[in-house]
Amino acid sequence: MTTPCIVTCAVTGSLPQKKDNPAVPVTPSEQIESTHEAFEAGATLVHLHVRQDDGSATSSPERFAMVQEGIRRHCPGIIIQFSTGGRSGAGRERGAHLALMPDMASLATGSVNFPTRVYDNPPDLVDWLAGEMRERGIKPEVEAFDLSMIFQAARMQADGRIPGSLHVQFVMGIQNAMPVDRRVFEFYVETLKRLSPQATFTGAGIGRHALEVARWSMELGGHARTGMEDNVRLDRDTLAPSNAALVRQVVQQMPEFGRRPATVAEARALLGLPPVSE
Ligand code: MG
């Protein structure tokens, strides 16, 4: 019996992505509706950024609260994960929304170059964000942009800064960071399993190779991420009409790898999260 696959949907991209595909949801009501469709298509984890109505970045906890409340109402049991990435502000602003107690939050365990800037994650900020999550029982999703970040996550687990089992997302395809590379992906998986045998992982490909990375991850026993934050196309010639269409595209690959989408109860159990509360 193979492990059911948790499909993460990263529903909202940045302003340039909205220009590339007008179907990218931006307002809270658009985000809630788009998440609901993705949930019905098989997504059990939603990764969230919030934006102003004009699409520009904001870290507004009020916005996060509106979106979280709507998603909890319409998608019972879905795992809600907030981004603590640099688009959500600077320094400790990046953790202001953790007071809203999402199920999970992203945690980059090191710094990396992005297309036009440094994604700056100094050690004291990483520890502070991890501490905010720990205090509130929020499970981190470690965002690994290179190998050192996997080692750092394992160190943080070993010394208690990250309690429980590790969940790591391998991110490939961001310009100036780690490219989409199968041998590196396999080495990531092997290294994570060596350092932390109980760890779970997800493959996240950014841009046109998004589906390929999701397929690698499903093949190697991991979980899959898709969504308009990462990629706005179904293929080179076709814009994705919705986040749900991207989720369906991933779900359609699963039989090839003997996988099926996890239910919310299974997804929560796999990640060591509390069961759905009614
Ligand atoms: Mg993100």
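Which helices and strands each supply at least two residues of the lining of the largest cavity? They are α7, β10 and α8 (243-253). More on that space below, after a word on the model.

## The model

This is a predicted model, so local features need pLDDT of at least 70 and side-chain atom pairs count only at pLDDT 80 or more, while totals for chains, interfaces and linings use all residues. Residues are numbered from 1 along each chain as its sequence is written, and side-chain values use heavy atoms, with hydrogens and water left out. Helices (H or I, at least four residues) and strands (E, at least two) are DSSP runs, numbered from the N terminus.

## The magnesium site

Three residues hold the magnesium ion: H47 (NE2), H49 (NE2) and E229 (OE), at 2.1 to 2.3 Å. Donors here are N, O and S atoms within 2.8 Å of the metal (3.2 Å for Na, K and Ca), and with water not among the atoms, sites may look incomplete. Along the sequence the spacing reads H-x1-H-x179-E. H47 sits in strand β2 (residues 45-48) and E229 in the loop between β10 (223-226) and β11 (233-235), so the pair ties together parts that are 182 residues apart in sequence.

Both H47 and E229 are buried; that means under 20% relative accessible area, with exposed over 50% and partly exposed in between (1.4 Å probe, protein chains only).

## Nonpolar cores

A nonpolar core is a set of buried Ala, Val, Leu, Ile, Met, Phe, Trp, Tyr and Cys residues joined through side-chain atoms within 4.5 Å. The largest one has 37 residues, and F145, F170 and F185 are among those with the most contacts inside it. Helix α4 gives the largest share, six residues. Apart from this core lies another, of 28 residues, including V46 and V250.

R134 also belongs to helix α4 (residues 123-136), but at 38% relative accessibility R134 counts as partly exposed. R134 touches G160, R161 and P163, leaving out residues up to four places away in sequence; contact means heavy atoms within 4.5 Å.

## Back to the cavity

A cavity is a set of points, on a 1 Å grid over the protein atoms alone, where a 1.4 Å probe fits but cannot get out; lining residues have an atom within 4 Å of a point. There is one cavity of 30 Å³ or more, and the largest cavity holds about 50 Å³ of space, the volume being what probe spheres set on the points fill. Its lining includes A210, R225, N231 and V250.

Methods. 1 Å grid on protein atoms, 1.4 Å probe; cavity = no way out; pocket = protein on both sides within 12 Å on 5 of 7 lines; lining within 4 Å.
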